[in-house]
Amino acid sequence: MDEELTDRFIGAITDWVQQLIRMNTLVATDLGLIPTDLHCLHVLQQDGPMTTGKLGEHVGLSAGAASRMIDRLESAGFVTRARDVADRRKVTVATTPAGLERAGTAYGGLTERTRRDLASFTSDELQVIIRFVELSLRSVESEASALATRGTPA
């Protein structure tokens with residue numbers, strides 16, 4: 001493997017991630033939210049409705065912080081809460097169609113540009129990119145889980 005090319009790739013990915021973080025922060029601010037709120041919306045969009053506790057685990061928040069996040073999102077019209085009919089102690093959080101539309105609109109320009117960028121790749125090249133992203137995602141999830149189980153040093 002070409003070490004210089006690998007370093008160039010890692011540098012480009014790092015810069016790309018930093019710009020995505022910047023974009024998410026700007027979108028969150030524009031929507032009257034914070035970046036973690038957007039993370040929550042993404043999780044709910046991908047995985048569907050879930051309890052506040054489960055959602056907090058997904059985004060790395062304590063139960064209290066997750067509850068405050070859901071309060072913000074609910075008051076802004078992005079999510080709803082509903083009691084579980086089988087177990088009234090459980091509350092399920094779900095996105096609203098209007099909330100998803102607002103968030104989607106905020107990313108519309110980036111989504112369109114990404115589609116144009118990807119149109120310049122062949123199907124075989126896209127398969128390689130997808131394979132890398134999926135492998136990298138598993139690596140990031142594994143490293144994040146390791147960090148989470150270690151906890152914060154005193």
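This is a predicted model: local features need pLDDT of at least 70, side-chain atom pairs count only at pLDDT 80 or more; totals for chains, interfaces and linings use all residues.
Visitor: Hi! Let's start with the sheet. In what order do the strands come?
Guide: The order is β1-β3-β2, in an open sheet of 3 strands with antiparallel pairing. The edge strands are β1 (50–51) and β2 (79–83), each pairing on one side only.

Visitor: And how many bridges join β2 to β3?
Guide: There are 5 bridges between β2 and β3 (residues 91–95), and these two strands run antiparallel. Within that pairing, Ala 82 stands opposite Thr 92 in β3.

Visitor: Nice. What packs on the sheet?
Guide: Helix α2 does, touching β1, β2 and β3. The direction of α2 makes about 95 degrees with that of β3.

Visitor: Tell me about α2 itself. How many residues does it have, and what is its reach?
Guide: α2 covers residues 35–47, which is 13 residues. From first C-alpha to last it reaches 18 Å, close to the 18 Å expected at 1.5 Å a residue.

Visitor: Which of its residues are buried?
Guide: In α2, the buried ones are Asp 37, Leu 38, Cys 40, Leu 41, Val 43 and Leu 44. After the helix comes Gly 48, with a positive phi near 85 degrees.

Visitor: Switching to α4. Which residues are buried there?
Guide: Ala 65, Ala 66, Met 69, Ile 70 and Leu 73 are buried in α4. They sit on the same side of α4, because their arc around the axis is only 140 degrees.

Visitor: What is exposed on the other side?
Guide: Arg 68 and Ser 75 are exposed there.

Visitor: And what do the buried residues of α4 pack against?
Guide: They pack against α2, α3 (52–59), β2 and β3. Following α4 is Gly 77, whose phi is positive, near 85 degrees.

Visitor: Last topic, aromatics. How many pairs does the count come to?
Guide: The count comes to 1 aromatic pair. The partners are Phe 9 and Phe 132, with ring centres 4.9 Å apart.

Visitor: Why is that pair edge-to-face?
Guide: The planes of the two rings lie at 85 degrees, and planes over 60 degrees apart count as edge-to-face.

Visitor: Which parts of the chain does the pair link?
Guide: It links distant parts: Phe 9 is in helix α1 (residues 3–31) and Phe 132 is in helix α7 (residues 123–150), 123 residues apart.

Conventions
Residues are numbered from 1 along each chain as its sequence is written. Side-chain values use heavy atoms; hydrogens and water are left out. Helices (H or I, at least four residues) and strands (E, at least two) are DSSP runs, numbered from the N terminus. The expected span of a helix is 1.5 Å times one less than its number of residues. Buried means under 20% relative accessible area, exposed over 50%, partly exposed in between (1.4 Å probe, protein chains only). Two strands pair if DSSP finds at least two bridges between them. Contact means heavy atoms within 4.5 Å. Axes are lines fitted to C-alpha atoms, for helices over the stretch in contact, and angles run from 0 to 180 degrees between N-to-C directions. Rings of Phe, Tyr and Trp (its six-membered ring) pair if their centres lie within 6.5 Å; planes under 30 degrees apart count as stacked, over 60 as edge-to-face and the rest as tilted. The arc is that of the directions from the helix axis to the C-beta atoms.
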